Amino acid sequence: MVLTLWRFAPALLFQGGDSDQLLQWMLVGAIVLSILAMGLQFFKNVFYAITAPTYSLRDMGQNDNFFFSLLMVVVGGLFMALYALMQKSYLIASFDQFARNQLTTALAGYANQTYKPVQFEFGLNRMTDVFGLVMSSILGLVILWPVLWLLFGYAYWILSRAFGNQLSLRVMLSTLAYYYLLLGVVVGYFMVHSVGAYLAAEGGTPPLGAIEIIGAILGLAALIYSVIAIAQGGDLTPAQAVGVFIIWNVVLGGIIAAVVTYQIAPAYDNFLQDLRTKSYV
């Protein structure tokens, strides 16, 4: 079902509201089928994962098989894709506002007033095309979610070994599966909304509304839950789990910051500079 959605996504995503509605129902169907495949054990485990994570995650992680854990993560990714599709219009409108504000600022000193609107439209079309490619890959979240689960799970497991963890990688992945499930299902909508709010605020601090406040509270709860999942999966104390979390996220943050600083930011600055300096005379 997931592969079918992935294959038909580019054709459906930008063909209008009816196609978006159909794709949403396909995602709902994939979610239902995945949960049915896991059976009643899914509901039982999720109940304990929510009500008593510090007591249940390790036991469930030792008992769950890899396929069961993978399906839970896929469900979290399906919800993320569903939330992104539900808010597609908001994301597109927010990016359009972001792009127009960026271009207005960049071309404020453009000397040739005759061709200034041409440059503006050219820049807007280029930025819209790039964002359109991102939006056409919404269903990639279904694939990205398990990839992040495997990557983070392996990194946390390796780091936990330094603190004496003797549990297997499977246990770490199984406990983190509940985190990725709940993150996608409960926090996913607010994560997607925050992207739109960030763009609408031109990359600054979005105004705090009800959705942003709820999202911040749930985000904090998810952060705490991730530490619990790491501690349970790595046989660590909470302090050790926090250390593992910080070490990996500092490393990952450094990699992301380097890519943005040395690759993305220069390319974007060059794009704006070309718009400012291009002459039609």
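Predicted model: local features only at pLDDT ≥ 70, side-chain atom pairs only at ≥ 80, totals over all residues.
Residues are numbered from 1 along each chain as its sequence is written, and side-chain values use heavy atoms, without hydrogens or water. Local features need pLDDT of at least 70 and side-chain atom pairs count only at pLDDT 80 or more, while totals for chains, interfaces and linings use all residues.

Leaving aside neighbours within four places in sequence, Tyr 156 is in contact (heavy atoms within 4.5 Å) with residues including Met 172, Ile 230 and Trp 248.

Ser 174 lies in helix H9, residues 169–200. Buried means under 20% relative accessible area, exposed over 50%, and partly exposed in between, with a 1.4 Å probe and protein chains only. Ser 174 counts as buried because its relative accessible area is 1%. Its side chain makes a polar contact of 3.2 Å with the side chain of Ser 69; such a contact is a pair of N or O atoms within 3.5 Å, where within protein one must be able to donate a hydrogen and the other to accept it, and residues adjacent in sequence count only if both atoms are side-chain atoms.

There are three salt bridges, each a side-chain nitrogen of Lys or Arg within 4 Å of a carboxyl oxygen of Asp or Glu. Lys 88 and Asp 20 meet at 2.8 Å, N to O. This pair links helix H6 (residues 88–106) with helix H2 (residues 17–38), 68 residues apart. Asp 235 and Arg 58 meet at 3.3 Å. Asp 235 lies in the loop between H10 and H11 and Arg 58 in helix H4, so this pair ties together parts that are 177 residues apart in sequence. The phi of Asp 235 is near 55 degrees, a positive value in a residue other than glycine. In the remaining bridge, the closest N and O atoms of Asp 96 and Arg 100 are 3.0 Å apart.

Ile 256, in helix H11 (residues 238–277), is partly exposed, with a relative accessible area of 49%.

Key. Helix = DSSP H or I, 4+ residues; strand = E, 2+ residues; numbered from the N terminus.
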